[in-house]
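Visitor: I'm new to this one and would like to learn how to read it. Could you take me through it a feature at a time?

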Amino acid sequence: MSLSSKKIIHTMSAFDEGPISADDIIRAIDEHAKRRFSGKKRSAPTRSVKDIRLIHQTLADLERTGYLVRYKKGFKLNDAFPLEGKLKAAKSYATVDNGEAEIHVKIEDLGSARDGDTVRLEIVDCRKGILYGEVSKVVEKSRDLFFATVETKTKGLIIYRLLDL
């Protein structure tokens with residue numbers, strides 16, 4: 001499986017504290033690959049120049065969006081970067097504007113969040129300088145009352161279609 005910005009961000013989240021350098025990420029990914037391939041006839045894949053370039057590009061994109069800050073010889077998670085915001089849903093994706101950056105959320109990553117809710121996010125990907133997140137918690141619901149129509153009734157089960165107004 002090839003390296004992706006999603007895997008890089010996942011690897012970064014495994015580091016507890018302190019600065020993270022590109023070399024630390026490469027080492028962690030290589031150690032994981034060695035563990036996966038131990039005892040098998042094939043050897044673990046080696047990092048290509050393209051993979052190393054992707055790691056540096058992802059770190060630069062995360063710094064540009066404000067999620068990471070430079071710290072000594074590496075990067076550190078920006079403690080001031082807000083991971084909460086108000087959700088704005090569209091048909092194919094949703095966005096959360098947190099005051100610093102706009103974070104895109106795929107519809108399948110919304111969980112139980114609806115348009116207008118205040119949500120807490122977890123950053124899962126960064127492509128072309130755009131942050132992608134996943135809703136980890138709904139902090140505050142925008143409304144408590146919803147309108148629905150009865151879709152079908154079967155064996156004591158009623159299925160409703162939610163109407164967004």
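Visitor: Let's start with charges. Which residue forms a salt bridge with Arg-70?

Guide: Keep in mind that this is a predicted model. To call a salt bridge, look for a side-chain nitrogen of Lys or Arg within 4 Å of a carboxyl oxygen of Asp or Glu. Here Arg-70 pairs with Glu-63, and their closest N and O atoms are 3.7 Å apart.

Visitor: Are those two residues buried or exposed?

Guide: Over 50% relative accessible area means exposed, and under 20% means buried. Arg-70 has 55%, so it counts as exposed. Glu-63, at 29%, is partly exposed.

Visitor: How many salt bridges are there by this rule?

Guide: The count comes to 7. Another of them joins Lys-141 and Asp-117, with 3.6 Å from N to O. Lys-141 is in the loop between β7 (130–140) and β8 (147–154), while Asp-117 is in the loop between β5 (102–106) and β6 (118–127), so this pair ties together parts that are 24 residues apart in sequence.

Visitor: What does Asp-125 form a salt bridge with?

Guide: With Arg-127, and the closest N and O atoms are 2.9 Å apart. Asp-125 is buried at 8% relative accessibility, whereas Arg-127 is partly exposed at 37%.

Visitor: Which ring does Arg-127 lie over?

Guide: That would be the ring of Tyr-132: Arg-127 lies over its face, 4.4 Å from the ring centre.

Visitor: Now strands. How should I read the pairing of β6 and β7?

Guide: Check the direction and the bridges. β6 and β7 run antiparallel and are joined by 9 bridges. Arg-127, from the salt bridge with Asp-125, stands opposite Ile-130 in β7. The hairpin of these two strands has 2 residues between them, and Lys-128 takes a positive phi near 55 degrees there.

Visitor: In which sense do β5 and β7 pair?

Guide: In the parallel sense, over 3 bridges. His-104 has Tyr-132 of β7 as its bridge partner, and that's the tyrosine with Arg-127 over its face.

Visitor: How do I read a pair of aromatic rings?

Guide: You describe such a pair by the distance of the centres and the angle of the planes. By the rule used here, the count comes to 1 aromatic pair. The rings of Tyr-67 and Phe-81 have centres 5.7 Å apart and planes at 85 degrees, so they are edge-to-face. Tyr-67 is in the loop between α3 (49–65) and β1 (68–71), and Phe-81 is in the loop between β2 (74–77) and β3 (84–89), so the pair ties together parts 14 residues apart in sequence. Both Tyr-67 and Phe-81 are buried.

Visitor: What does Thr-95 touch?

Guide: Thr-95 is in strand β4, residues 93–97, and at 10% relative accessibility it counts as buried. Leave out residues up to four places away in sequence, and Thr-95 touches Lys-86, Leu-87, Lys-88, Glu-102, Ile-103 and His-104.

Visitor: Where is Ile-55 placed?

Guide: Ile-55 is in helix α3. With 0% relative accessible area, Ile-55 is buried. Setting aside neighbours within four places in sequence, Ile-55 is in contact with Leu-3, Ile-8, Ala-22, Ile-25 and Ile-26.

Visitor: Stepping back, how many helices and strands does the chain have?

Guide: There are 3 helices and 9 strands, and along the sequence they follow the pattern α-α-α-β-β-β-β-β-β-β-β-β. The chain has a radius of gyration of 20 Å, well over the 15 Å that the globule rule gives for 165 residues, so it's more spread out than a compact globule. Along the principal axes, the C-alpha atoms fill a box of roughly 55 × 45 × 25 Å.

Visitor: What share of the residues counts as buried?

Guide: Of the 165 residues, 32% do. As for contacts between residues at least 6 apart in sequence, 42% join residues at least 24 apart.

How values were computed. Residues numbered from 1 in each chain as written. Predicted model: local features only at pLDDT ≥ 70, side-chain atom pairs only at ≥ 80, totals over all residues. Heavy atoms only, no water. Phe/Tyr/Trp six-rings, centres within 6.5 Å; stacked < 30°, edge-to-face > 60°. Helix = DSSP H or I, 4+ residues; strand = E, 2+ residues; numbered from the N terminus. Buried < 20%, exposed > 50% of the residue type's maximum accessible area, 1.4 Å probe, protein only. Lys NZ or Arg CZ within 6 Å of the ring centre and 35° of its normal. Contact = heavy atoms within 4.5 Å. Pairing = 2+ DSSP bridges. Rg over C-alpha atoms; globule rule 2.2 N^0.38 Å.
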